[in-house]
Amino acid sequence: MGQRLSGEQIATFQRDGVVFPLRILSAAEAAEHRAALEAVEASRAGRLPPAMNAKPHLLLPWLWQLVHHPAILDAVEDLLGPDLLCFGTSFIIKNGPSDRYVTWHQDQTHWGLTEPRAVTAWLALTASTPENGGVRMLPGSNRVVLAHRDNGDGRNMLGRREEVLAEVDEAEAVDVTLAPGEMSLHDPLIVHGSPPNRSAGRRIGFAIRYIPATIGQRDGMRNYATLVRGRDHGRFALEQPPAAPFHPDAVRHHAQSIRHGMAVIFGRPGPGAAPGAPEPGAPEP
């Protein structure tokens, strides 16, 4: 296990906060996953309901398997070590043409972790390009925690519409261009965002948040995570695999996990207040 990334790729991640592209699925496998997603959407009035798009791997066995994909975990282990949890998942979808976008931000702003140590695996199920609203990142911006604010724009896809207060020189940004089946890995502190999708097609990615099992949630808050590799260190309640798509037990377990997660992200005092929180949408670009 592990040792998927070269020494140069590991050094690039540590220096820049991002490494890409990494081939995980074939183009045919990526198309199969897209078709599976679109079948779920078709069964629900043509869209994935926002609440279902928070940790959908707890509802769909094929996503549970994808979160445990050995090629993804080998690369993440090279960066975070052998004991790994999945902290969250979501589809990141931009239908085009649209004016929806993502502001410059850092992922870890509202995660409430005891340390900003994490890796997001962003797996492309369609091409992700500058034309269809692909992610842009500022290499080397992953060394400082920055203050954020709510930018108040309903077109902002982030759950809390956050953006960094610091001035961003967009000329220094790089486009994280991916082909279907490729992924990028990025640090939770790298500043990134994405423009609107001006194309006629869809831009679909699946974001998987991994953390080392040695860190936990601040302020004694209880939360859930999926053990994907190695040993559990008891910092999170562990999530269970779905026995079948939308199995009743999986639906109940998913709802419980999401209540705790929303309590953390939206600053609720406990899970009892979470049902009143805004619906969890696509939390990243």
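Buried means under 20% relative accessible area, exposed means over 50%, and partly exposed lies in between (1.4 Å probe, protein chains only). Everything shown is a predicted model, where local features need pLDDT of at least 70, side-chain atom pairs count only at pLDDT 80 or more, and totals for chains, interfaces and linings use all residues. Residues are numbered from 1 along each chain as its sequence is written, and side-chain values use heavy atoms, with hydrogens and water left out.

View 1. Helices (H or I, at least four residues) and strands (E, at least two) are DSSP runs, numbered from the N terminus. For Ile72, leaving aside neighbours within four places in sequence, the contacts (heavy atoms within 4.5 Å) are Ile24, Leu66, Ala121, Met183, Ile208 and Tyr210. As background, nonpolar side chains in soluble globular proteins tend to be buried together.

**View 2. Helix α4 under cover.** How many residues of α4 are buried? The count is 10 of its 11 residues, so the helix is mostly covered. The buried set takes in Ala71, Ile72, Leu73, Asp74, Ala75, Val76, Glu77, Asp78, Leu79 and Leu80. Just after α4 comes Gly81, with a positive phi of about 100°.

**View 3. Two cis peptide bonds.** One runs from Phe20 to Pro21, with omega near -10°; Pro21 is found in strand β1 (residues 18-23). Another joins Gly96 and Pro97, with omega about -10°. Pro97 has its place in the loop between β2 (84-95) and β3 (102-105).

**View 4. Positive phi at Lys55 and Phe246.** Neither residue is a glycine, yet phi is near 55° for Lys55 and near 55° for Phe246. Lys55 lies in the loop between α2 (27-42) and α3 (61-67), while Phe246 is in the loop between β13 (237-238) and α5 (248-265). Is Lys55 buried or exposed? Lys55 counts as buried because its relative accessibility is 8%. Phe246 is partly exposed, with a relative accessible area of 22%.

**View 5. Loop residue Val168 and its partners.** Look for Val168 in the loop between β7 (162-164) and β8 (174-175). Beyond neighbours within four places in sequence, Val168 is in contact with Trp104, Leu138 and Val191. His192 is 24 residues away from Val168 in sequence, and the C-alpha to C-alpha separation is 9.9 Å.

**View 6. Gln108 in its loop.** Gln108 sits in the loop between β3 and β4 (119-124). It counts as buried because its relative accessibility is 14%. Not counting residues up to four places away in sequence, Gln108 touches Pro116, Val145, Pro188 and Leu189.

**View 7. Confidence along the chain.** The pLDDT score is the predictor's confidence in each residue, from 0 to 100. For the protein chain the mean pLDDT is 90, and 92% of its residues reach 70 or more. Over residues 268-285 the pLDDT is below 50, and this stretch has 55 contacts in the model beyond near neighbours in sequence.
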